[in-house]
Amino acid sequence: MSHHSILTADELTQIVHLIHRQYGYDFSNYARTSLERRVVRCMQQAGLKTAYELTYSLTNDNSFFDWFLQALTVNVTEMFRDPLFYRDLREKVLPKLASYPVIKIWHAGCATGEEVFSMAILLAEAGLLDRSRLYATDLNPANLEQARQGIIPLQQMKAYTENYMQSGGKNAFSSYYTARYEHAIIRKEFRTNIVLAQHNLAVDQVFNEFQLICCRNVLIYFDRKLQNRVFQLFHDSLSPLGYLAIGTKESIQMADVRTQFETISLPNRIYRRKT
């Protein structure tokens, strides 16, 4: 069955309005094709066949909404994802950040924390972690709770070790976590300087000034209008000469603020705010 046959555009709009009205989450400026695909997948997983059934469940069952939000906002994430991006951070960005007495970094849309843990390891290897504060935010409170625990499936660690080595890692990757049964737990000293908080890029404002903002593979889910808002938010949240990193499939070229950034690494989408 084609997924178009179980959810019309009007029905999707009504569901978006319902979620905003009842729960305060605004998906109105998410890219429609991607959002529809995710909603339909959630419906199929829940055994719901019509928009009416989904509306009924969202209206009457808060625990269903908690599950729905988790399923809807799940983002694929890895430690040291795109290793050459982390190599660029090591070589081109961290040496510049070393001049700041306190380094503030924002991971926006941090999912379950794998990329912020990677950043903590990078900073530790550069001797900068002790004076760094990593702010990791996400729309989804369940993601933040998982990140808070620092737990990662052990089966992922072989791939993450390869990513780490390709990024220029110098140490035994196993020294950064403890293996417990089926899980790896990131060691506490690499989580101490991480501040986890809920933040909604669609509606929330500047909350600090940062020397580096990482928001990788999140903007692809937003439409042009929301992308523009988020780029403006990032510009306003960066200190002069602060760095912005986005996903390799994302672009700043259509953003109003594009002329206020210079390119540091085009392949790995690292930009620097002009003064």
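Is F65 buried or exposed? F65 is buried, with a relative accessible area of 4%; buried means under 20% relative accessible area, exposed over 50% and partly exposed in between, using a 1.4 Å probe and protein chains only. Please keep in mind that this is a predicted model, where local features need pLDDT of at least 70, side-chain atom pairs count only at pLDDT 80 or more, and totals for chains, interfaces and linings use all residues. Residues are numbered from 1 along each chain as its sequence is written, and side-chain values use heavy atoms, with hydrogens and water left out.

**Aromatic pairs**

- Searching the whole structure gives 21 aromatic pairs, meaning rings of Phe, Tyr and Trp (its six-membered ring) with centres within 6.5 Å; planes under 30 degrees apart count as stacked, over 60 as edge-to-face and the rest as tilted.
- The ring centres of Y25 and F65 are 5.6 Å apart and their planes are at 45 degrees, so this pair is tilted.
- Y25 sits in the loop between α1 (9–23) and α2 (32–46), while F65 belongs to helix α4 (residues 62–72), so the pair ties together parts that are 40 residues apart in sequence.
- Helices here are DSSP runs (H or I, at least four residues), numbered from the N terminus.
- Y25 is buried too, with a relative accessible area of 14%.

**A cluster**

- One aromatic cluster is formed by F80, F85, Y86, Y164, F173, Y176, Y177 and F190.

**Charges over rings**

- R216 lies over the face of F85, at 3.9 Å from the ring centre; a charge sits over a ring if NZ of Lys or CZ of Arg is within 6 Å of the ring centre and within 35 degrees of the ring normal.
- R38 lies over the face of Y221, at 4.0 Å from the ring centre.

Technical notes. Helices (H or I, at least four residues) and strands (E, at least two) are DSSP runs, numbered from the N terminus.
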